[in-house]
Amino acid sequence: MQSEREIVNTEKIAARRLSLEEVTELGVKDRLFVSADTAELKLPDCYVPAFLTKAGKDFEGGSITARTVFQEEVSCLPDAEDEAGVYLADEDGSETIEVLQSAGVVLDLALFVPGGDKGSLTALYAAARQAFGADIVQIWRQGLKEVPDVKVDIFEEQIPRGRKGGDSPKRDRRAIDTYPTRADFIEFSAGWKPVVEVHRPVVDDTPTI
């Protein structure tokens, strides 16, 4: 029978455990390591690369929250002796930790297939399997829907605050796309909302000589 460590793909790295005070000096771009042990996947004594969800100095109460490279949010108390702690890679570190490696990437895409008939979809899946290997490319969820042949502008518009009747809300274009297939996959900024409008090409009526 295989042991858990023989099944899990990990890498041993030299690291040092950080105190809460050291964590407060880190920013959102600093790579650190937090426990990979979650309710869904029990991996005691194993760590995963992560980044703070906000600058360390902005956390209060001794608890910090980090987002792992697998897009899971983990909260922990760096100074709690009964918790796994937060680590930083350090060649001179006094400890060695096991870091969970990535097996690959699950793609959650909005693919537009012109015509969208069964033959073209079959060819698409066959090409993916040929490129990456049979039984490697697995279709876990397939949502097919017809899309109208219309081009749209996808904006994000600032949510107005305070009294009505003030300045017009600010707007930024995020994409021009065939019917808003992409809007479902865009992460809009906090305080902004998605706006989808039929695309109207800009006409330059500047007189020319």
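Let me start with Leu124: at 36% relative accessibility, Leu124 counts as partly exposed. The terms are these: buried is under 20% relative accessible area, exposed is over 50%, and partly exposed is in between, with a 1.4 Å probe and protein chains only. This is a predicted model, so local features need pLDDT of at least 70 and side-chain atom pairs count only at pLDDT 80 or more, while totals for chains, interfaces and linings use all residues. Residues are numbered from 1 along each chain as its sequence is written, and side-chain values use heavy atoms, with hydrogens and water left out.

Back to Leu124. Leu124 sits in helix α3. Helices (H or I, at least four residues) and strands (E, at least two) are DSSP runs, numbered from the N terminus. Beyond four places in sequence, Leu124 is in contact with Leu111 and Val113; contact means heavy atoms within 4.5 Å. Val113 is eleven residues from Leu124 in sequence, and 9.1 Å away C-alpha to C-alpha. Leu111 is in the loop between β7 (95-100) and α3 (118-132). Leu111 is exposed, at 58% relative accessible area.

Leu111 and Leu124 belong to a nonpolar surface patch with Val105, Leu107 and Leu109, about 530 Å² of accessible area together. Patch residues have over 30% relative accessible area and no salt bridge; like charges are joined within 9 Å, nonpolar side chains (Val, Leu, Ile, Met, Phe, Trp, Tyr) within 5 Å. Areas are Shrake-Rupley with a 1.4 Å probe; for residues, only the protein chains shown count as cover.

Now the whole chain. It has three helices and ten strands. The order from the N terminus is α-β-α-β-β-β-β-β-β-α-β-β-β. Of the 209 residues, 25% are buried.

Next, the inside. The largest nonpolar core has 18 residues, and Val23, Leu32, Val34, Ala36, Leu52, Ile64 and Val86 have the most contacts inside it. Such a core is a set of buried Ala, Val, Leu, Ile, Met, Phe, Trp, Tyr and Cys residues joined through side-chain atoms within 4.5 Å. β2 (32-35), β3 (46-52), β4 (64-68) and β5 (73-76) each supply at least two of its residues. β3 gives the largest share, four residues. A second, separate core of seven residues includes Phe33, Tyr47, Ile97 and Val99.

On to charges. There are eight salt bridges. A salt bridge is a side-chain nitrogen of Lys or Arg within 4 Å of a carboxyl oxygen of Asp or Glu. Arg16 pairs with Asp90, closest N and O atoms 3.2 Å apart. That pair links distant parts of the chain: Arg16 is in strand β1 (residues 10-18), Asp90 in the loop between β6 (86-89) and β7, 74 residues apart. Arg16 is partly exposed at 28%. Asp90 is partly exposed at 22%.

Arg173 and Asp153 also meet in a salt bridge, 3.5 Å from N to O. Arg173 is in strand β9 (residues 171-178) and Asp153 in strand β8, so the pair ties together parts 20 residues apart in sequence. Arg173 is partly exposed at 45%, whereas Asp153 is buried at 4%. Shared partners join Arg16, Glu22 and Asp90 into one salt-bridge network.

Last one: Glu157, in strand β8 (residues 151-158). Buried or exposed? Buried, at 11% relative accessibility. Its side chain makes a polar contact with the side chain of Arg171, at 2.7 Å. That term means N or O atoms within 3.5 Å; within protein, one must be able to donate a hydrogen and the other to accept it, and residues adjacent in sequence count only if both atoms are side-chain atoms.
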